[in-house]
Amino acid sequence: MKTNITSATLLASVLALAARADVRLSSGHADIGVGYAAGTFDLHVHQEEPEEAEFEPGETTFVVGDAARTKSPGGAFASGLGPIGTPSWVLPTSPSPDLPFIGFGTEELDPADWLGNIELTLSGATGPGNVVVWNVGAFGNANIAIDSTRGPGVPNGLSLLPGTHTHYNIGFSQPGLYEVSLTATGTHATDGAIRGAGTYRFEVVPEPSTWALMGAGAALALVAARRRP
Ligand SMILES: [Zn+2]
């Protein structure tokens, strides 16, 4: 009897894990959060809307839908997003009903505990294209904080005040699946130099017509297959 209960409990845990393994965030407000626990930064996903929830980075996929499709402005963006007019996908700094609204939050950190800012640096990016993260200054000038095409040794990250929350544009140059690794570093007033890392998944979906064509192609192939004797 005890074994049965243990198996049932184990199965429930496995199912719960499986259910949480890939939470697809295609809309609503969610932040890449930096917390502090036991001498290390805890990078996570803090969902604010439609409901409060917290996830490990590997438990979620940010879905960058067709509403994100735009064109590269070229100039400083040419390296990451291609020459002016090149199709690109951007999650903006204002909420959109069909896109996840992603910010960067250090609200869990008490500013009194930290000397200076928390640096959130790009430590790796894999995917079919490039990743660019930027905000726009008071005079309309774009500050590109992260560009995955930058070489080693070039600053490539966000500088976040402890105890704050801010939003950046996040752009991608191609549809497909990306894994973006971020490393947080900072100086704790009593615990000294602190770091922590997390890898976040983004799925940039192709335009609907591509899906429709693929679907139609698959349906035709199926019909053809069924007609064969
Ligand atoms: Zn936010």
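Mentor: The secondary structure of the protein comprises three helices and 16 strands. This is a predicted model, in which local features need pLDDT of at least 70 and side-chain atom pairs count only at pLDDT 80 or more, while totals for chains, interfaces and linings use all residues. Residues are numbered from 1 along each chain as its sequence is written.

Trainee: What makes a run of residues a helix or a strand?

Mentor: Both are DSSP runs numbered from the N terminus: a helix is H or I with at least four residues, and a strand is E with at least two. Residues 23–25 are called strand β1, and residues 192–204 are called strand β16.

Trainee: Why is Ala-67 called partly exposed?

Mentor: A residue is buried if 20 or more other C-beta atoms, placed from the backbone, lie within 10 Å of its own, exposed if 12 or fewer, and partly exposed in between. Ala-67 has 16 other C-beta atoms within 10 Å, so Ala-67 is partly exposed. Its place is in the loop between β5 (60–64) and β6. In the protein, buried residues make up 30% of the 229 residues.

Trainee: Which residues does Ala-67 touch, not counting residues up to four places away in sequence?

Mentor: They are Ser-96, Asp-98 and Leu-99. Two residues are in contact if their C-beta atoms, placed from the backbone, lie within 7 Å. A separate value concerns Val-90, which is 23 residues from Ala-67 along the chain, with 8.7 Å between their C-alpha atoms. In the protein, 68% of the contacts with a separation of 6 or more are between residues 24 or more positions apart.

Trainee: Why is Ser-181 called partly exposed?

Mentor: Ser-181 has 16 other C-beta atoms within 10 Å, and is therefore partly exposed. Ser-181 lies in strand β15 (residues 176–188). Neighbours within four places in sequence aside, Ser-181 is in contact with Ser-123, Gly-124, Ala-125, Ala-197 and Thr-199. Thr-121 is 60 residues from Ser-181 in sequence and 8.4 Å away in space, C-alpha to C-alpha.

Trainee: How do you know that β8 and β13 pair?

Mentor: Two strands pair if DSSP finds at least two bridges between them. Strand β8 (residues 100–105) and β13 have three bridges, in the antiparallel sense. Within this pair, Gly-103 stands opposite His-167 in β13.

Trainee: Where do β8 and β13 stand in the order of their open sheet?

Mentor: The order of the five strands is β4-β3-β2-β8-β13, with mixed pairing. β4 (53–55) and β13 (165–167) are at the edges because each has a single partner strand, which leaves one side of each without a neighbour in the sheet. From one strand to the next, the twist averages 35 degrees; such angles run from 0 to 180 degrees between N-to-C directions, with axes fitted as lines to C-alpha atoms.

Trainee: What makes β6 and β11 edge strands?

Mentor: Their open sheet has five strands in the order β6-β7-β14-β10-β11, with antiparallel pairing. β6 (69–71) and β11 (142–147) each have a single partner strand, so one side of each is left without a neighbour in the sheet.

Trainee: How many bridges join β10 to β11?

Mentor: Five bridges join strand β10 (residues 131–136) to β11, and the two run antiparallel. Val-133 stands opposite Ile-146 in β11, and Val-132 has Asp-147 as its bridge partner there. The hairpin of β10 and β11 has five residues between the strands, and Gly-140 takes a positive phi near 80 degrees in it.

Trainee: What makes a set of residues a nonpolar core?

Mentor: The set consists of buried Ala, Val, Leu, Ile, Met, Phe, Trp, Tyr and Cys residues joined through C-beta atoms within 7 Å. The largest nonpolar core has 44 residues, of which Val-64, Leu-120, Val-131, Val-133 and Phe-202 touch the most other members. Strand β9 (residues 114–126) gives the most to this core, with five residues.

Trainee: Which residues form the covered face of β5?

Mentor: Thr-60, Phe-62 and Val-64 form the covered face, and Thr-61 and Val-63 the uncovered one. In a regular strand the side chains alternate between the two faces of the sheet. Phe-62 in β5 stands opposite Leu-25, whereas Val-63 has Glu-203 in β16 as its bridge partner.
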